[in-house]
Amino acid sequence: RQNSLRASLVAREHLAREQTEAAQAAERAGQAERDHAASAQDQAIREVCAGLEAVVDAGIQGDFTTVQTKGQAHPALDALTTKLTALYTVMDQSLGRIEAQMNALAAGDLTARMQDGSTGRFSVLAVRINAATTTLSDLVRGVQGAIEQSGAATIAISGKAAELRER
């Protein structure tokens, strides 16, 4: 009977050891899976950050057409990507309007004005560029007026000179 009791205890200990080892193996497997998922997410976050860094570097160089697509790394990074894309879109559109106005001025069109569509500092800049264009246009009209007056005065002087010669 003692042998059978001892064999039963040994069997129970063996079973308990096997169950403990199985539980530990399952925990290790679960931890490995969690580590792998965390590593994959870390990699995805690094890739999104590298993409955002490239977009910011392009912006520093004056290129606001470069944008980053959203990834699945993290909702906060996706929100940042969306906002950065919106910022770059506003920058590119505003600079496009400024470029169009400068091209019109370079072509001699003093009637062109920047269309209102900007906000903040770009709106202030648009108002100032339009004011400078108006001042330039007024200056050109003033010079044209002075030339016309000078021409009329020249004609009048020539007429008076001719009268004096006839006398």
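**Figure 1. Buried residues of helix α1 in the predicted model.** In this predicted model, the buried positions of α1 are Gly30, Val48, Gly51, Leu52, Val55, Ala58 and Gly59. These buried residues pack against α2.

**Figure 2. Span of helix α1 and the residue that follows the helix.** The helix α1 comprises 59 residues, and the distance from its first C-alpha to its last is 85 Å. This value is close to the 87 Å expected at 1.5 Å a residue. Just after α1, Gly62 adopts a positive phi of about 95 degrees.

**Figure 3. The largest nonpolar core.** Seven residues form this core: Val48, Leu52, Val55, Phe64, Leu77, Leu84 and Tyr88. At least two of the core residues come from each of α1 (2-60) and α2 (75-106).

**Figure 4. Packing of helix α2 with helix α3.** Because angles under 35 degrees count as roughly parallel, α2 is roughly parallel to α3.

**Figure 5. Residues in contact between α2 and α3.** On the α2 side, the contact involves Met91, Ser94, Leu95, Ile98, Gln101, Met102 and Leu105. Their counterparts in α3 are Phe122, Leu125, Ile129, Asn130, Thr133 and Leu136. Classified by residue type, the contact of α2 with α3 contains 9 nonpolar and 4 polar residues, and no charged residues.

Notes:
Residues numbered from 1 in each chain as written. Predicted model: local features only at pLDDT ≥ 70, side-chain atom pairs only at ≥ 80, totals over all residues. Heavy atoms only, no water. Core = buried A, V, L, I, M, F, W, Y, C linked by side-chain atoms within 4.5 Å. Buried < 20%, exposed > 50% of the residue type's maximum accessible area, 1.4 Å probe, protein only. Helix = DSSP H or I, 4+ residues; strand = E, 2+ residues; numbered from the N terminus. Axes fitted to C-alpha atoms, helices over the stretch in contact; angles between N-to-C directions. Parallel < 35°, antiparallel > 145°, perpendicular 65-115°, else oblique. Contact = heavy atoms within 4.5 Å. Nonpolar A, V, L, I, M, F, W, Y, C, P; charged D, E, K, R; others polar. Expected span 1.5 Å × (residues − 1).
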